[in-house]
Amino acid sequence: GVAAGSCPENLFGRTQSQGDVSINHEGHGTCRNLAAQPPIPLLGSASLAVELTRNAEKSSIGKNLIVAEWGERRIVRVEGETGARTPLVTMVPTADFKSWRRLRRPNHVAFSPFGDLFFTDNAPSSNVTSSMVYRLKEAVHVAPISAQRSREAHGWHGTTGKEQSVNEDIDILFQTGGDIEGMALSADHSGLFILVTDHFSKRTIYYLQL
C-alpha cells in the first residue's frame with residue numbers, strides 16, 4: 001500500500017491510504033510533471049454521459065448524450081430529437097489562461113444535476129506533460145444546432161463555426177502530470193473523484209471539492 005503522506009508528486013494536502021490507491025482530500029495545486037507514454041493514434045469516441053436537465057423541483061435525465069470524440073478532438077452533445085451533434089467544447093484555456101488551444105485527448109465526461117459539464121483532457125505525449133479537468137458551466141444552456149449545421153461542424157475550429165470563437169464559461173479545476181483514467185461525481189454532488197496513474201504506474205484517487 002501507499003503510506004499516508006508518502007506521495008510527493010500528489011497534489012498538496014493530507015493523503016489517506018486505501019490499499020494500493022491513495023486518496024488526497026484537498027485536491028488543489030499542481031502535480032509534478034511526469035513523462036507520458038508515446039502518442040497513440042486516436043480514433044472514434046472515448047466516452048459518453050447522459051445529459052442531466054433541471055426543473056424547479058429536481059434533476060431529471062434528459063434525452064441527449066454527451067460524447068468525447070478523440071478523432072474530432074472535441075466534445076459534442078448528440079441531440080435526442082434530431083441526432084445532430086452540437087459542439088460543446090473544441091477549445092480550452094491553457095494552464096496560465098493566457099491563450100486557448102484545441103482539445104488534445106478528451107476522455108472522461110460527467111454531468112452535474114445543475115447543468116455543468118466536467119471533462120478531462122489528457123496529455124498525448126512526453127512533449128505535453130499536463131492533463132486537466134475542466135468545467136463547462138451551465139452546458140445545458142448551449143443552444144442545439146440543426147442536422148445540416150452538424151455536418152458542417154466537423155470542420156469547425158470553434159464551437160459556432162467562427163474561427164476564433166471560444167466558450168469563456170470553461171475553467172480549469174485540476175491539473176496533473178499523470179494520466180487521468182477515471183472521474184466520477186460524488187453522491188452529494190459536492191466533489192469529484194479523479195483517478196490518476198503516474199509515470200511509475202502508481203494509481204492515486206484525488207477528491208476535488210467543488
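1. A quick definition to start us off: a nonpolar core here is a set of buried Ala, Val, Leu, Ile, Met, Phe, Trp, Tyr and Cys residues joined through side-chain atoms within 4.5 Å. Please keep in mind as you read that this is a predicted model.

2. With that in hand, have a look at the largest nonpolar core, which has 18 residues. The residues with the most contacts inside this core are I66, I75, V89, V109, L117, F119 and L136. At least two core residues come from each of β3 (45-54), β4 (59-69), β6 (85-89), β9 (106-111), β10 (117-121) and β11. Strand β11 gives the largest share, three residues. As general background, nonpolar side chains tend to be buried together in soluble globular proteins.

3. Setting aside neighbours within four places in sequence, I66 is in contact with S47, L48, A49, E51, I75, V76, R77, L88, V109, F111 and L117.

4. Next, strand β11, which spans residues 131-136 and pairs with β12 in the antiparallel sense over six bridges.

5. Now the aromatics: the structure holds three aromatic pairs. In one of them, the ring centres of F174 and Y206 are 5.4 Å apart and the planes lie at 50°, so the pair is tilted. This pair links distant parts of the chain, with F174 in strand β12 and Y206 in strand β15 (residues 203-209), 32 residues apart. F174 counts as buried at 2% relative accessibility, and Y206 counts as buried at 2% as well.

6. Another pair is formed by F193 and Y207, with ring centres 5.1 Å apart and planes at 50°, so this pair is tilted. Because F193 lies in strand β14 (residues 191-197) and Y207 in strand β15, the pair ties together parts that are 14 residues apart in sequence. Are the two partners buried or exposed? F193 is partly exposed, with a relative accessible area of 35%, while Y207 is buried, at 13%. The cut-off matters for that reading: buried means under 20% relative accessible area.

Technical notes. Residues numbered from 1 in each chain as written. Predicted model: local features only at pLDDT ≥ 70, side-chain atom pairs only at ≥ 80, totals over all residues. Heavy atoms only, no water. Pairing = 2+ DSSP bridges. Helix = DSSP H or I, 4+ residues; strand = E, 2+ residues; numbered from the N terminus. Phe/Tyr/Trp six-rings, centres within 6.5 Å; stacked < 30°, edge-to-face > 60°. Buried < 20%, exposed > 50% of the residue type's maximum accessible area, 1.4 Å probe, protein only. Contact = heavy atoms within 4.5 Å.
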